[in-house]
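Here is my note on the model, point by point. It takes up the pocket, the cavity and the salt bridges in turn.

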Amino acid sequence: MNKLQKLGGVSAIFEAIIYVSAFVFFGAFWNFPADADSVQMFAFLAKNQVILSIVNLIMYVLFGIFLAVLVLALNERLKSKTPILSQIASIFGVVWVGLVIASGMIANIGLSAVLELSTKDPEQAMTVWRAIYSVVEGLGGGNEVVGGLWVLLLSFAALKGDELSKRLNYFGLFVGIVGILTVYPAEVLTEIFGVSQIVWFSWLGAVMLASSKS
C-alpha cells in the first residue's frame, strides 16, 4: 500500500512537471507562424517535426502513463471508505488516460501524414491538419470535461472519507468544476484548469509522499 502511494505521489509530481514544461515550451520556444501561408507553415512543421513529436509524446503519452499510476493509487486509497464514489471516479480517470494517450498518438501520426501530403497538395494538407487538430483538441487538449469529472469526484470522495487534506480536497473541487466548464470553448477556462492542475498535482504528490512514509 505505501509503495503504491509513493508511486502515485511521484507520478503526481511528474504530472505537474510535464504541465509546466508544456507551458514553458509553447510559451517561450514554440514560434508557430500562425499568419503564414500553408507552404510556410508546413515548412516550419517539417523543420521542427522531431521536437514536436517528442513534446507530444511527453505531453500526452507519458502524461497518460503517469496518470494511470495515479488513478490506481488514489482508487486503492479511497475505495475502503467510499467504494462507490472512488470506483466512479476511477472510471473517469481511466477514460481520461485513454483520451490523453490517444491524443498524442493521433497528433504524431497526423503530423507525419500531413507533412507527406503537403509536398503534393499544401491546401488539402492544411484542411486535413485542421481536422486532425480539432480531433486532438476535442479528445485531450481543449476540452477537459473528463479530467474535471475525475478530479471533482475523487476530491468529493476524499472529503467524505476524510482522506488526503481537506484544503487540498476543496481546491480539487474547484479544479474539477473549472475542468467541467471547459465544455464551453473559452481559452481562459482551459488555461485556468491547466494552471490549477499544476498546483493540485504538486500538492497531491506532496501529500501522498508524506503519507507513504508514515
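**Notes on the predicted model**

1. The largest pocket has a volume of about 1300 Å³. A pocket is an open set of points on a 1 Å grid over the protein atoms alone, with protein on both sides within 12 Å along at least five of seven lines; lining residues have an atom within 4 Å of a point. Volume is the space filled by probe spheres set on the points, which are joined across faces, edges and corners.

2. This is a predicted model: local features need pLDDT of at least 70, side-chain atom pairs count only at pLDDT 80 or more, and totals for chains, interfaces and linings use all residues. Residues are numbered from 1 along each chain as its sequence is written, and side-chain values use heavy atoms, with hydrogens and water left out.

3. The lining of the largest pocket has 34 residues. Nearest its centre lie Phe26, Met59, Tyr60, Tyr133 and Glu137. Helices H1 (2-29), H2 (38-47), H3 (49-78), H4 (83-118), H5 (122-141) and H8 (187-212) each give two or more residues to that lining. H5 has the largest share, 9 residues. Helices here are DSSP runs (H or I, at least four residues), numbered from the N terminus.

4. By class, the pocket lining has 22 nonpolar, 7 polar and 5 charged residues. Nonpolar covers Ala, Val, Leu, Ile, Met, Phe, Trp, Tyr, Cys and Pro; charged covers Asp, Glu, Lys and Arg; the others, Gly among them, are polar.

5. There is 1 cavity of 30 Å³ or more. The largest cavity has a volume of about 40 Å³. In a cavity, a 1.4 Å probe fits but cannot get out. Its lining includes Val71, Ser86 and Trp150. H3 gives the most, with 4 residues. The lining holds 6 nonpolar, 3 polar and no charged residues.

6. The structure holds 3 salt bridges (a side-chain nitrogen of Lys or Arg within 4 Å of a carboxyl oxygen of Asp or Glu). Lys79 pairs with Glu76, the closest N and O atoms being 3.2 Å apart.

7. Arg77, Lys81 and Glu163 are linked in a network of salt bridges. Glu163 meets Lys81 at 3.4 Å, N to O. Glu163 lies in the loop between H6 and H7 and Lys81 in the loop between H3 and H4, so the pair ties together parts 82 residues apart in sequence.
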